[in-house]
Amino acid sequence: MTLQVRLVLSALADEPDRQLYGLEIIETTGLLPGTIYPILARLEAAGWVVSEWEVVDEREAGRPRRRYYRLTADGLTVAEASAVARGARPRPARGRVIPREAF
Amino acid sequence: MRLLRVVLTFAALALPAGHRARWREESLAVLTAVHGLRRWWFALDMMVKAPLLAGALRRPVTPPGRWLSVLAGAGLIATSVTAVAALALPPVIGEDAAELLFLLSPCGLLGVVAARSVATARSYGGGPLPYLTAATVTVFAGTGPVAAGALSVATGVTAIAMAGAVVPGLWLLTVNATALARRSGPPALALAGVLAGAGLLGVLVGLQLVTHVPAARGVASPVTALSLALLVPAWTVWSLWNGMRLIRLGHTPGV
């Protein structure tokens, strides 16, 4: 499992009951959007993540609806196993566009 | 935001048809929530990496049926037999017949190119654009210089023959370089394909230059000769080996 995938899993596993949309995952992981969407697509295809559209009136909200992601039970198990295997969850790189670990 | 919508619409073309609208909407939701330079940086990143997402979204495609694999394999074996015959038999069949055989020999690629192109189009979710692209690639890469040459003669546009001469070699080179990079089959087979692709590219482009660009003859002639020396052994090995794999196993790297 790559560092980026672990970061995304870790971001979603931090608060398993909370759903995150793209920008929240970007800001939690420090990864760029072009990186997280392929990861989310693979995780979704593997059944580790599910997503759904936000129910919102776009005119009232003044923005497009967001797609929210959360871990499935399988995904949570994998995220926890990955964190245990690594000793700890990878540290999210808040505020950094590219995580320090990527170098 | 209107400009971003347009840009995202074009970038979404890289994705399978069924996923474009969702990606556009999700991307727009993220871009709307950020401002200034960051918005454009994110937009650029999403566009540049759209092919990565396309790769993640592509559906696995079932391999072609057994009889199609056998036909494609037989076609490949026929190409090497025809090419060798064209080079070895001019004293028997005459120069003109040998030249015609040589030009027709890459047509044996047709089955393999068609199978791969259609499979790629299906993995992108099908639809008119992927299938049209698959058909175009099949016609121009699968028939060697024949389709482009015929079209060039019919329209009187030499550039079509020149452009068409690049396609078969480039296709062979790309498919096998990808197989080599992904280690999706025997490396020696992929390497033979890369060399055959480079040789085919050199021979077909060289022949076009010799025929249509008199000023380039000085360079084109030795390039053609060297490419031919590379093409004959590499093509023979690649097409025979691949043809036998297709007949025996039903699949081969890149196909």
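Trainee: What makes up the secondary structure of chain A?
Mentor: Chain A has 5 helices and 3 strands, where helices (H or I, at least four residues) and strands (E, at least two) are DSSP runs numbered from the N terminus. Along the sequence they follow α-β-α-α-β-α-β-α. This is a predicted model, in which local features need pLDDT of at least 70 and side-chain atom pairs pLDDT 80 or more, while totals for chains, interfaces and linings use all residues. Residues are numbered from 1 along each chain as its sequence is written, with chains lettered from A and ligands numbered from 1 in the order in which they are written.

Trainee: Why is Ile247(B) called partly exposed?
Mentor: A residue is buried if 20 or more other C-beta atoms, placed from the backbone, lie within 10 Å of its own, exposed if 12 or fewer, and partly exposed in between. Ile247(B) has 18 C-beta neighbours inside 10 Å, so it counts as partly exposed. Ile247(B) is found in helix 13 of chain B, and its C-alpha atom is 6.2 Å from that of Ser69(B), 178 residues apart along the chain.

Trainee: Which residues does Ile247(B) contact, leaving aside neighbours within four places in sequence?
Mentor: Val70(B), Gly73(B) and Ala74(B); a contact means that two C-beta atoms, placed from the backbone, lie within 7 Å.

Trainee: How do you know that helix 9 and helix 11 of chain B are roughly perpendicular?
Mentor: Their axes come within 8 Å and cross at roughly 95°. Axes are lines fitted to C-alpha atoms, for helices over the stretch in contact, and angles run from 0 to 180 degrees between N-to-C directions. Angles under 35 degrees count as roughly parallel, over 145 as roughly antiparallel, 65 to 115 as roughly perpendicular and the rest as oblique. Helix 9 and helix 11 of chain B are therefore roughly perpendicular.

Trainee: Which residues meet there?
Mentor: From helix 9 of chain B come Val137(B), Phe140(B) and Ala141(B), facing Gly164(B), Val167(B), Pro168(B) and Trp171(B) of helix 11 of chain B.

Trainee: What makes a nonpolar core?
Mentor: It is a set of buried Ala, Val, Leu, Ile, Met, Phe, Trp, Tyr and Cys residues joined through C-beta atoms within 7 Å. The largest has 47 residues, and those touching the most other members include Ala196(B) and Trp238(B). Helix 12 of chain B gives the most to this core, with 14 residues.
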